[in-house]
Structures are given as C-alpha cells and as structure tokens.
Amino acid sequence: MEIDAVITYVDGNDPVLNEKRSRYLKGGQGTQSDVAGSTRFADVGEIFWCVASLNKFAPWIRKIHIVTDGQDPGLENFMKEHFPSGHIPMEIVDHKVIFRGYEEYLPTFNSNSIETMTWRIPGLSEHFIEMNDDFMLCAPLSPQDLFTPDGKQTCYAKVVPILSSKILTFLKPKRKGRKPVTFKRLLLNAVKVSRTHPFWFLRINHTPRPLLVSCYEKFYAEHPEAIILNIKDRFRDLCQYVPKEVQFHLQYKRNKLNVRPYKDVLFYMEPKRKKDYVKRKLRKLEEGNYRFCCFNSIDQASAEDRAIVEAWIWQRLGLEKP
C-alpha cells in the first residue's frame with residue numbers, strides 16, 4: 001500500500017502574505033484568535049520538526065506534499081544535510097493547484113477551506129495522511145497504525161454524544177458580541193453535512209488523519225454544494241465543517257473505520273504561564289508511550305519555554321537545530 005503525507009503550511013511572518021491577508025480582513029477579524037488571529041498563521045520552524053519526524057519515524061511514506069500559498073519553507077538544504085543518505089521525496093503544492101476551477105475563492109486563509117481541497121493534489125496516492133505543520137511524530141509509526149490489514153482507516157478519536165455537546169455549544173457565552181468559532185462546532189456541522197445522522201460524533205484531535213481520495217471524490221461529486229459551503233469564506237466561519245470528520249462518519253457507516261482512543265498516543269501542549277509547566281509536561285512525555293506530538297501555538301510561549309521545547313524536539317529527532 002502506498003501512503004502519501006499532506007502537510008498544510010503557512011509562514012505568518014511573510015510580509016507578502018500578511019499584506020494579502022490584511023486586504024481581506026473585515027471589522028475586528030484580525031484580533032479574533034478563533035477566526036484570523038496572528039497565532040493561526042505564526043511560524044517558528046515547526047515544519048522542520050514535522051518533516052524531519054516523518055523521515056525518522058515513518059520513512060515508508062511515498063511522498064510528502066506541502067500545501068502553501070506561494071511559499072517555500074526552504075527544506076531542501078536542511079534535508080540534504082540531516083538525511084544525507086536520502087529522504088522522502090517532497091513537493092510544494094500551491095493553493096492555485098488544488099483550487100483549480102474554484103479560483104474565485106482564492107486567496108484563502110482558512111484551514112477548513114484548504115483541507116476541503118487537498119484530495120485534489122495531482123498524483124496524490126489513494127491512501128494519504130493529512131496533518132498540520134505544528135504536528136510531529138515522536139516514535140516509530142507503521143502503515144498498520146493508520147490503515148488496518150483489512151483496509152479500514154484508523155481514526156484516533158473519542159466518541160462524544162451529540163445532544164450534550166449541542167447544549168454546551170448553545171450555552172457557550174459570546175465573545176465581543178458573537179459566538180466563537182470552535183472546533184467542536186465545526187465537528188458537529190460535519191455530522192450534519194455527512195447525512196449519517198448518528199447520536200454521537202468523533203472528537204478527533206492532533207494526530208495524523210488517514211484519508212482516502214476516492215471517498216472525498218465520490219462524496220463531493222454527489223454533493224458539490226458541500227465544497228462551496230466550505231470554501232466560500234476566506235476566514236473560519238460558524239457555517240463551516242471539518243472535512244475529515246465527514247469522511248470518517250461516512251466510512252464508519254460503511255463499517256470501514258477503526259476507531260481508537262487518542263489519549264495514550266497523543267501528547268498535546270499549549271503555552272501556559274504556570275511555574276515549571278513545560279518541564280513537567282515534557283517529563284510526562286518522556287514517561288509515556290506517545291507516538292504523536294502537537295506543540296500548539298508555541299509562538300505564544302516565553303522565550304525560555306520555547307527554547308526548552310525546541311531542545312527536546314531536536315534531541316528526540318537526533319538532529320541539530322537548523
């Protein structure tokens with residue numbers, strides 16, 4: 001089985017991209033962290049961790065596709081230096097490529113929009129994993145951890161009742177006069193879009209998402225309006241849905257999905273101003289059997305904490321910081 005990796009990448013420090021984004025911001029969107037806040041686009045070199053971890057812990061991947069808006073993370077020299085005997089082939093895929101035929105919706109600064117179209121990458125293998133650039137592997141991974149021998153996709157998730165989640169979402173207070181765009185809300189929207197109508201949804205997290213090109217192809221051929229619904233907004237919006245959640249629900253209904261908990265395999269960290277928080281979290285990481293790591297919004301951590309995290313990452317990868 002050939003498996004590709006798709007990484008959505010953005011360098012928020014790029015002045016060209018920042019100027020482009022500012023032209024489309026409305027009202028206070030630029031200060032709304034759930035919609036278009038700067039941390040959604042910030043980059044402190046996570047793409048190097050992500051790609052290096054795939055090469056170290058999943059060298060069987062056929063190809064890595066890095067999806068960007070006219071950007072190049074500059075990985076070639078880094079990979080040649082640190083993987084001199086060879087590395088997984090890589091290619092940069094511009095948004096214009098995956099949005100062919102839908103160019104009117106570009107530029108987009110919306111991860112949900114982009115992930116709605118990644119399956120349209122030319123030459124993408126039928127089986128692929130999708131991830132964000134702040135994700136990395138921290139232990140060896142095999143293809144069987146993602147796709148079972150009988151062909152099922154493995155979804156690392158928690159099964160959560162829909163009714164209680166809808167109630168909690170309804171009761172969630174407004175921020176500056178509006179309901180926040182939460183990941184849970186977009187997951188609930190996906191259940192509706194999938195038309196599977198279960199009483200629960202899959203609370204996925206920051207792990208690799210095993211996906212099938214053919215599943216998206218068939219669904220969007222039958223429901224082209226679902227593409228427009230998800231790509232028409234340049235920034236995150238309450239009407240959107242998480243595309244991979246749609247696929248997972250469709251596959252579950254077809255008895256083609258293997259659901260496993262993410263609790264014991266995913267290590268997740270986000271900046272907190274507590275004393276020794278980072279050191280304690282990394283100690284927990286060392287003591288566990290985690291395979292996946294996500295250091296979310298590391299740009300917001302203190303310089304000291306960021307240095308501690310980066311030192312741990314490069315040590316785990318067995319590489320020197322570029």
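## Arg-260

Arg-260 sits in strand S9, residues 257-260. Strands here are DSSP runs (E, at least two residues), and helices are runs of H or I with at least four, numbered from the N terminus. This is a predicted model: local features need pLDDT of at least 70, side-chain atom pairs count only at pLDDT 80 or more, and totals for chains, interfaces and linings use all residues. Residues are numbered from 1 along each chain as its sequence is written, and side-chain values use heavy atoms, leaving out hydrogens and water.

Arg-260 counts as partly exposed because its relative accessibility is 30%. Buried means under 20% relative accessible area, exposed over 50%, and partly exposed in between (1.4 Å probe, protein chains only). Thr-154 is 106 residues from Arg-260 in sequence, yet their C-alpha atoms are 6.9 Å apart. Not counting residues up to four places away in sequence, Arg-260 touches Asp-145, Thr-154, Cys-155, Tyr-156 and Ala-157. Contact means heavy atoms within 4.5 Å.

## The open sheet

Five strands form an open sheet with mixed pairing, in the order S3-S2-S1-S4-S8. Two strands pair if DSSP finds at least two bridges between them. S3 (90-94) and S8 (209-212) stand at the edges with a single partner strand each, so one side of each has no neighbour in the sheet.

Strand S4 (residues 127-132) and S8 run antiparallel, joined by four bridges. Phe-128 stands opposite Leu-211 in S8. Helix H8 (residues 213-222) packs on the sheet and touches S4 and S8.

Note on methods: Axes are lines fitted to C-alpha atoms, for helices over the stretch in contact, and angles run from 0 to 180 degrees between N-to-C directions.
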